[in-house]
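I would like to walk through one structure slowly, moving from single residues out to the chain as a whole, so please keep the picture in view while I talk.

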Amino acid sequence: MTQALTPSTELADHMRQVYAAMQAGDPQAVEALYSLAPGSVFIGSDTAEFWTDSAQHNQDVRPYWQPGSMVIEPGEITACEMGDAGFT
């Protein structure tokens, strides 16, 4: 049986928490909101931004999460889920 892709307000709210922690410059809070489960994948906005190792991802992007280093205005967040996979 094929599962349908459905909108997820829970995942959208979670992403708002991630963006707020990033903008606050709080690396520990950002990392606490990510999955550290084996098989987690992090995809950025550039082809070089692709990680399958949570620790390496955190090490590579942690410099961006400094107080005052970024302003994030998420706008409308599209978040969906299918089974135990989430997409934003």
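Predicted model: local features only at pLDDT ≥ 70, side-chain atom pairs only at ≥ 80, totals over all residues.

Let me begin with Tyr 34, which lies in the loop between helix 2 and strand 2. Leaving aside residues up to four places away in sequence, Tyr 34 touches Val 18, Met 22, Phe 42, His 57, Asn 58 and Trp 65. One of these, Val 18, is 16 residues from Tyr 34 in sequence, and the two C-alpha atoms are 8.3 Å apart in space.

Another of those contacts brings us to the aromatic rings. How many aromatic pairs does a search of the whole structure find? The search finds one. The pair consists of Tyr 34 and Phe 42, whose ring centres are 5.2 Å apart and whose planes meet at 65°, so the pair is described as edge-to-face. The reasoning rests on a cut-off, because planes over 60 degrees apart count as edge-to-face. Both Tyr 34 and Phe 42 are buried.

In the loop between helix 2 and strand 2 we also find Ser 40, and at 13% relative accessibility Ser 40 counts as buried. A polar atom of its side chain lies 2.8 Å from the backbone oxygen of Ala 37. Not counting residues up to four places away in sequence, Ser 40 touches Ser 35, Trp 51, Thr 52 and Ser 54.

Let me turn now to charged residues, where a search of the whole structure finds two salt bridges. In one of them, Arg 16 is paired with Asp 13, and the closest N and O atoms are 2.9 Å apart. These residues are three apart in helix 1, which covers residues 9–24, and so they are separated by about one helical turn. Arg 16 is partly exposed at 40% relative accessibility, and Asp 13 is partly exposed at 44%.

The other salt bridge joins Arg 62 to Glu 31, with the closest N and O atoms 2.9 Å apart. This pair links distant parts of the chain, since Arg 62 is in the loop between helix 3 and strand 4 while Glu 31 is in helix 2, 31 residues apart.

Leu 5 sits in the segment before strand 1, and at 48% relative accessibility it counts as partly exposed.

Finally, let us step back to the chain as a whole. Its secondary structure comes to three helices and five strands, and along the sequence these follow the pattern β-α-α-β-β-α-β-β. The C-alpha atoms fill a box of roughly 45 × 25 × 25 Å, taken along the principal axes. Of the 88 residues in the chain, 27% are buried. If we take contacts between residues at least 6 apart in sequence, 55% of them join residues at least 24 apart. The accessible surface comes to about 6,300 Å², and 54% of that belongs to carbon and sulfur atoms.

Conventions
Residues numbered from 1 in each chain as written. Heavy atoms only, no water. Phe/Tyr/Trp six-rings, centres within 6.5 Å; stacked < 30°, edge-to-face > 60°. Buried < 20%, exposed > 50% of the residue type's maximum accessible area, 1.4 Å probe, protein only. Helix = DSSP H or I, 4+ residues; strand = E, 2+ residues; numbered from the N terminus. Contact = heavy atoms within 4.5 Å. Areas by Shrake-Rupley, 256 points an atom, 1.4 Å probe, with all protein chains shown as cover. Polar contact = N/O pair within 3.5 Å; in protein donor to acceptor, adjacent residues only side chain to side chain. Salt bridge = Lys/Arg side-chain N within 4 Å of Asp/Glu carboxyl O.
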